[in-house]
Amino acid sequence: MSSVSDVVSNLRQSFNSGLTKSIVWRRRQLHALLRLIDENSDDIAEALRKDLNKCEFESFLFEIDFTRNDIVNHLNNLSKWTKPTPVKKTLFFIADSCFIKPDPFGVVLIIGAWNYPFQIILLPLVGAISAGNCVVLKPSEYAASSADLMCKLVSKYLDPECIQLILGGVPETTEILKQRFDYIFYTGNSEVGKIVMSAAAENLTPVTLELGGKNPAYVDWNCNLQTVANRLLWGKGSNAGQTCIAPDYIMCPQEVQAPLVEALKQSVSHFYGDNVGKSECYGRIINKRHFKRLQAILESKTPAFGGEMNEEEKFITPTVLTDVKPTDLIMKEEIFGPILPIMIVESPQEAIDYVNSREKALAVYVFSNDKGLVKKFVSETSSGGVCINDCILHTALETLPFGGVGYSGMGSYHGKFTFDTFSHKKAVMWRTMGMEFLNTLRYPPFTNTNAEMIRRFTKKSLKNSKTSFVFPLCAVVFLIGALSIAFFKYL
């Protein structure tokens, strides 16, 4: 632990040397990260199998290829993203060069989670490198095989002067959070998120918190329920429900519940066969502690179907609970497992009111063919994101930001949004040293004439159809007049 401060200190020296600000360095590290994935994809998949029993398909879809494509996207756009962005100017600054320059923060900390142990730590790393930062990585100790492999690969492929990975549990993380960072990116639960934010506040360090929440799914009566069931079960069954954006509970009218349950049964059988435990496509709970937490939830309700458990294998079948009440234990906290409760609502408005009465979710899912109802959910609920007639897939589009709001987090990333997250938008104004006579209007001694001229020169007017074409001409005439007066005054 005594070396943690040394690690951060050495990284800060590297950043202050200017090494990471070089576009050449950034590209070299991104290419190295690409090789890390391409040359070790089988080992990564095997580590995920050991930690979570992830099948190869899920490992490549959600972690390996997902991360690889993000790296390629950054490499393809890095030159454009790092260029200064010109801004619109008023006439007062028309002769000046005004732009926004993306600057790296410095030394940043990325704390990963265990449910997607490669994707969740590598995606932020891609953006941190693209933006030109030095990085400390802290993977979750719960996914031990993935963390050990990550440690070996990072030290082998990436620049050790600028990127370091630290293994360990709570004591090591506590020690890391005592250090001063320029940015902290945390993925995990809201309780630890509070601890991270509190530690960051000591040094006024900005943070991105990617948390979770109870993500609702509303199912309307006018849907093809088998399609709905397939998509809901895919979102809930992936990684055995251990996904922060998995649907956490379903709301539907009474007449929808029974046929939806039957459709979900069909989906389970189709996806995993009659014996889910023998399916190669179904994962396991991360550890015994989380298994017992889920077991306690299931003991409080009788499942409509599912509910089979094996503690030794950390296995729980996809389980549906019906006629769940808001006061039930399962509706108190995020489930983070393969259990899907269904709660009856009498109307879409009741569902909206219930969603708004709780902490803000990371995602809201709406299944309906009624465009007006969908727009009502989108406009009248607040969440990190909304996906209509499907689950999870809104996070796969790199041009959409992924992040939470309120208890589900703050800040966003994916694609360019990750680059923006790890970049300070520095405002730059580059003025000319000439035409000093114009500045006499703002220098003391102040006069009423000067004040009136400046006010007329800088005062904005509301646009309307009658003045939109006249304003530019008036502005030019005024500018000529102001320059003439200032010039003669200067003489």
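**Buried loop residues and backbone geometry**

At 14% relative accessibility, His394 counts as buried (under 20% relative accessible area, with exposed being over 50% and partly exposed in between; 1.4 Å probe, protein chains only). The model is a predicted one, in which local features need pLDDT of at least 70, side-chain atom pairs count only at pLDDT 80 or more, and totals for chains, interfaces and linings use all residues. Residues are numbered from 1 along each chain as its sequence is written, and side-chain values use heavy atoms, with hydrogens and water left out.

His394 sits in the loop between β15 (383-388) and β16 (409-410); helices (H or I, at least four residues) and strands (E, at least two) are DSSP runs, numbered from the N terminus. Apart from neighbours within four places in sequence, His394 contacts Ala363, Tyr365, Gly385, Val386, Cys387 and Leu400, contact meaning heavy atoms within 4.5 Å. The loop between β15 and β16 also holds Ile392, whose phi is near 70 degrees, a positive value in a residue other than glycine. Ile392 is buried, at 5% relative accessibility.

A positive phi, near 55 degrees, is also found at Asn239, again a residue other than glycine. Asn239 belongs to the loop between α8 (225-237) and β9 (249-252) and is buried, with a relative accessible area of 1%. Pro444 and Pro445 are joined by a cis peptide bond, with omega about 0 degrees. Pro445 lies in the loop between β17 (423-430) and α14 (448-458).

An unreviewed UniProt entry places the feature "domain: Aldehyde dehydrogenase" at residues 22-428; UniProt positions are given in the numbering used here, feature names are shortened, and annotations may be inferred rather than shown by experiment. The span 22-428 is 42% helix and 18% strand, and its end C-alpha atoms lie 20 Å apart.
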